[in-house]
There are 2 protein chains.
Amino acid sequence: MTRQELIQQIRQKQSFLCVGLDTDIKKVPQHLLAEEDPLFAFNKAIIDATAPYCVAYKPNLAFYEAHGVKGLVAFEKTIEYLHREHPEHFIIADAKRGDIGNTSKMYARTFFDLYGIDALTVAPYMGEDSVTPFMGEGQWVILLALTSNKGSLDFQLTEDKDGERLFEKVIRKSQEWGTTENMMYVVGATRGEMFKDIRKVAPDHFLLVPGVGAQGGSLEEVCRYGMTKDCGLLVNSSRAIIYASDGEDFAQAAAREAQKVQEQMKRLLND
Amino acid sequence: MTRQELIQQIRQKQSFLCVGLDTDIKKVPQHLLAEEDPLFAFNKAIIDATAPYCVAYKPNLAFYEAHGVKGLVAFEKTIEYLHREHPEHFIIADAKRGDIGNTSKMYARTFFDLYGIDALTVAPYMGEDSVTPFMGEGQWVILLALTSNKGSLDFQLTEDKDGERLFEKVIRKSQEWGTTENMMYVVGATRGEMFKDIRKVAPDHFLLVPGVGAQGGSLEEVCRYGMTKDCGLLVNSSRAIIYASDGEDFAQAAAREAQKVQEQMKRLLND
């Protein structure tokens with residue numbers, strides 16, 4: 001999906017919500033466990049219920065890989081289902097890949113050619129040749145910049161001799177490799193005020209923002225400092241939406257939560 | 001596998017060779033393509049031929065994931081085969097994982113509980129909670145420190161205000177999280193002289209060293225600056241061994257190459 005198509009989806013739906021499919025078999029409602037493929041059955045119901053309120057889905061590979069071949073099948077079925085039934089949604093594989101050039105090329109082949117997803121989260125530590133193989137026409141790298149977890153303090157905020165912090169260097173340097181058409185950055189919602197600094201180095205790039213909801217970030221604050229004229233944000237929520245209820249009404253509960261966020265987003269888009 | 005068991009294997013075999021199973025279907029000998037599972041057939045033959053000369057195997061996940069479910073099956077069969085036929089070998093999943101705590105825990109469950117491997121390569125960018133879930137009794141994190149690719153120059157050598165380079169900070173800081181019994185570092189062989197600096201911050205840790213062979217690193221130089229009294233090195237070679245021949249003699253050719261390296265290692269261990 002191109003940047004223009006994504007912006008159009010956001011305007012049309014008045015939403016910049018990304019629903020994270022961190023589907024944990026331990027949290028899937030009891031009555032689905034009798035299904036042949038409970039992970040896929042859960043995802044399918046969640047997707048159908050939340051599709052009107054979001055513009056993107058983000059399956060987290062860890063949750064599928066944990067089940068070996070069965071998990072990978074559930075992942076593949078989820079992607080196929082999205083392509084077939086909801087082709088207007090942007091698909092992000094949250095896989096945090098990144099390796100030497102020839103290996104990154106292999107991963108790119110997997111996610112873009114084999115699965116046809118739109119974007120992949122990538123770790124920047126190994127530099128240019130580990131990142132560029134993932135970029136293409138309508139194929140996006142979402143590079144880790146400033147993450148939402150406690151460990152983000154360990155290295156990402158390290159200042160170099162000129163006072164540039166590592167996450168700022170990652171954002172600045174990577175702009176030599178990609179453009180606003182094929183690169184986004186992960187910036188955790190738990191650091192609202194930091195969006196001001198981020199927008200100094202990346203005024204136009206889309207940002208993928210985890211950490212709203214279960215992790216405690218504030219949507220208002222993210223928008224105050226991070227929103228651009230094109231919106232420029234995809235805000236992810238996983239647990240707060242997909243596990244809103246663990247009963248038979250889990251999909252309706254997820255829809256209600258997604259709709260609540262969408263209504264808030266609509267207000268923020270029009271402020 | 002514990003550190004003591006690994007050291008014992010190295011002494012017994014007079015080898016610290018790790019064979020990288022970067023099994024590319026485009027490079028698998030023609031006659032194997034008729035097999036039901038050419039990736040596994042290739043790995044099985046390579047493993048049986050090289051097992052006497054190496055102490056570790058390192059399948060690179062990218063090459064298996066690229067084939068979807070079929071690739072994952074080949075990976076699983078390879079791991080099972082190693083457990084069954086060559087249980088004395090150390091198994092490294094080269095996956096470069098690393099995510100927020102709850103997601104890293106999922107990956108850890110996959111690689112250690114589901115597959116029973118010994119070690120996983122992990123990217124350090126997201127810090128402590130992304131790394132510690134992979135450590136356990138005889139379960140190793142192999143943390144990226146100074147990699148062998150060109151992109152390693154982009155961020156890993158950045159000096160902070162006190163002159164500490166990022167890779168040095170990664171090594172120093174991560175020693176607050178793990179020990180020499182559950183943590184190693186990736187250090188590319190392409191930077192022989194840098195091993196001196198690495199040994200200042202990690203005098204006793206094992207180092208996983210890619211980049212000998214196809215990427216141009218020198219084994220002598222790595223050993224001159226990097227070897228410890230316990231050896232302290234696992235030197236990986238992938239392409240130079242597993243693709244030594246693309247004919248029907250591929251396994252014998254791989255054995256010959258592995259044996260050559262092992263003989264060189266034996267000399268270096270006894271110098």
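Helices (H or I, at least four residues) and strands (E, at least two) are DSSP runs, numbered from the N terminus. The structure is a predicted model, in which local features need pLDDT of at least 70, side-chain atom pairs count only at pLDDT 80 or more, and totals for chains, interfaces and linings use all residues. Residues are numbered from 1 along each chain as its sequence is written, while chains are lettered from A and ligands numbered from 1 in the order in which they are written.

We can start with the barrel. In chain B, eight strands with parallel pairing form a closed barrel in the order S1-S2-S3-S4-S5-S6-S7-S8; two strands pair if DSSP finds at least two bridges between them. From one strand to the next, the twist averages 30°. Strands S1 (residues 17-21) and S8 (residues 233-237) of chain B run parallel and are joined by three bridges. Here B:Leu17 stands opposite B:Val235 of S8(B).

Helix H10 (residues 219-226) of chain B packs on this sheet, touching strand S7 (207-209) and S8 of chain B, and its direction makes about 165° with that of S8(B). Axes are lines fitted to C-alpha atoms, for helices over the stretch in contact, and angles run from 0 to 180 degrees between N-to-C directions. Two residues are in contact if their C-beta atoms, placed from the backbone, lie within 7 Å. Helix H4 (residues 68-85) of chain B lies across S1, S2 (56-59) and S3 (90-97) of chain B, at about 170° to S2(B).

H10(B) also packs against helix H9 (residues 194-201) of chain B, at an angle of about 30° and with the axes 8 Å apart. The two helices are therefore roughly parallel to each other, a term for angles under 35 degrees. On the H9(B) side the contact is made by B:Phe195, B:Lys196, B:Ile198 and B:Arg199, and on the H10(B) side by B:Val222, B:Tyr225 and B:Gly226.

Two residues deserve a look at their backbone angles. Most residues other than glycine have a negative phi. A:Cys231, however, is not a glycine and has a positive phi of about 80°. A:Cys231 sits in the loop between helix H10 (219-226) and strand S8 (233-237) of chain A. Because it has 22 C-beta neighbours inside 10 Å, A:Cys231 counts as buried (20 or more other C-beta atoms within 10 Å of its own, with C-beta atoms placed from the backbone). B:Lys96, in strand S3 of chain B, likewise has a positive phi, near 50°. B:Lys96 is buried too, as 28 other C-beta atoms lie within 10 Å.

Definitions and conventions: A residue is buried if 20 or more other C-beta atoms lie within 10 Å of its own, exposed if 12 or fewer, and partly exposed in between; C-beta atoms are placed from the backbone. Angles under 35 degrees count as roughly parallel, over 145 as roughly antiparallel, 65 to 115 as roughly perpendicular and the rest as oblique.
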